[in-house]
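Dear colleague,

Please find below the structure that I am handing over to you. My findings come after it.

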Amino acid sequence: MNPLEGFESETFSLTGKEKERLLRRHALHCKYEKAVELYADTDQTLADIAEACRVSVGGLGNYLRRYWRELVLKRNHISAEGKQLENLKIKAVGQQNVNAHEKYKEAVAACDSLEYIDLNLSQVARKFGVDGASLANFMHIHYEDTLVWREKVRVRLGINDNLRRGARMESVEQYAEAVKLYQTTNTTLPEIADVCQLSVGGLMQYLRFYHKELLQQKRESRKAAKGCQLQGNLTGNGRIYRPLPQTERKYAEALALYKDTALTLKEIVRRTGVPAEGFRFYLHKWHKELVAERAGITGPIDAHTNLCRERRRMKTVTAKYAEAIESLKANPRAVAQVAAEFHLHPETFRNYLHKYEPELARRQGMTVTEEGRKVLHRSEDKYAEAIRLYATTTDTLKEIARRLDLNEKSLGGYVRRNYPELVKQRKCPSEK
C-alpha cells in the first residue's frame, strides 16, 4: 500500500521532493519496526536485537536516539520529567555517563572517605560490587584529584602499597609520536593509530589518563569550527573537511581524465566505469574549480556560484570545434562546407563562430580577387560568368541578368561594389 495514497486529494499537494522524503522515512520506519518492539518490550541488548532483525547496530542505535529517544532514556533509567528530550544526553562529550555515575558513585564516595583509607582501590571495588580496573579507569578520567589525595594520605599514614603510579616509561615511549601528531596536526585518532600502528582504544585511554588538557583543547577547537565547511579545514566533528580516501581512490582515474582531457563526462564514466551521478556530485563538491575551468568561468567562485548561469566557453565544446576552426582559418571557405567536412551541425557551428570567433565569422567564406578586394566565395562563383560577359561583350547588365536568370539589382550592386573599373570603361570606352 502506498503511504501517500489519498493525500493528493486533500486541500494541499506535495512536491516531488516532499513525496520522496516521506517515502524514504516510511521505508526507514518499516525497516526498524520489529527492532523497536523488541527494544521496548524486552531486555535484550542492542547488539542481540540488531542481529535478530538483521540490521546494523550503529544504524539501529542512531534510529532509536533520533525517533524513539524516550525509549532510550527509559532503558537507561533517566527521568525526562519537565525536560526536553533532545536536550537530555546519556553521555555528553567530556562528561560522565549517567549510568556509569550511578554505578560507581558509592565506590567513589568511599575512596574519598577516611573510613576506607586502609583499603586499596581493588578492595574498595570488591566491597561495592564493581570491577577494580573499571573503577580505576573511571576515577582516572573523572576523579583524578581524589586518587592523588588518597595516595598522599596513604603514604603519610604508612600504608602505601609501593605500587608505581602514573604513566610507565614504556607507555610514554610507545605513545610519544602519536601524542605529538595529535597535538600538532588535525589528524583524527583512528588515522594516527593507523600510522603509528596502535590500537585506537589504547591511544584514547592513554590521552584521557595523561593528556586531559590536550583533549580539552581539541574539544574547544572543534567547537569553534562547528558549522565550518571549507575544504582542508577542521570541522565540528574533529575531521578535516575533505573526501574520504576510498572516495578519492574510486574517482582518481576519472578525475585525471576530466582534468587533462576534453572528454565529456559521459565518455569519462563510460571508460572508467564509475557512476555518472556520483562522479558529478564528487566534482561539484570537491573540485568545483575544475568544473568552473571547464565551463570557462574565470572569476572567483564559492558555494553559491551558479555554474550553469556563469559558464562561458566550455572545454569540451572548444575541443569539438578546434579542428574545424583551424581548417577554416588556413583555408577560408563556406561555413556549411566546413561543417559538412567535420560532421558538425552548420547552424550550431555558425553560432559558435559568431559568439567566440567573431573576427573569423566576419571573414568566413571570403576570398581576395586579383584586384585585392574581399568578396564572398559564393558570390564570386554565382556572378563569375556574368562578370566575364560584362567585360568581353557589349551586353547590358539587364540582358546578362535575364540570360543567366539572375536578379538585375543584385548583379548591378555586386558589379558596382567589386568591379567599378568595368563600369567606368563602359561609360568611357576611349579610356580603355
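The model is predicted, so local features need pLDDT of at least 70 and side-chain atom pairs count only at pLDDT 80 or more, while totals for chains, interfaces and linings use all residues. Residues are numbered from 1 along each chain as its sequence is written, and side-chain values use heavy atoms, with hydrogens and water left out.

Helix 2 (residues 33-41) and helix 3 have axes that come within 10 Å and cross at roughly 145°. Here helices are DSSP runs (H or I, at least four residues), numbered from the N terminus; axes are lines fitted to C-alpha atoms over the stretch in contact, with angles from 0 to 180 degrees between N-to-C directions. K34, A35, L38 and Y39 of helix 2 make the contact with L46, I49 and C53 of helix 3, where contact means heavy atoms within 4.5 Å. Of these residues, six are nonpolar, none is polar and one is charged (Ala, Val, Leu, Ile, Met, Phe, Trp, Tyr, Cys and Pro count as nonpolar, Asp, Glu, Lys and Arg as charged, and the others, Gly among them, as polar).

R54 is located in the loop between helix 3 (46-53) and helix 4 (57-67). R54 is not a glycine, yet its phi is positive, at about 60°. R54 counts as exposed because its relative accessibility is 79%, exposed being over 50% relative accessible area (1.4 Å probe, protein chains only).

Q197 sits in the loop between helix 11 (189-196) and helix 12 (200-210). Although Q197 is not a glycine, it has a positive phi of about 55°. With a relative accessible area of 74%, Q197 is exposed.

Yours sincerely

Note on methods. Helices (H or I, at least four residues) and strands (E, at least two) are DSSP runs, numbered from the N terminus. Buried means under 20% relative accessible area, exposed over 50%, partly exposed in between (1.4 Å probe, protein chains only).
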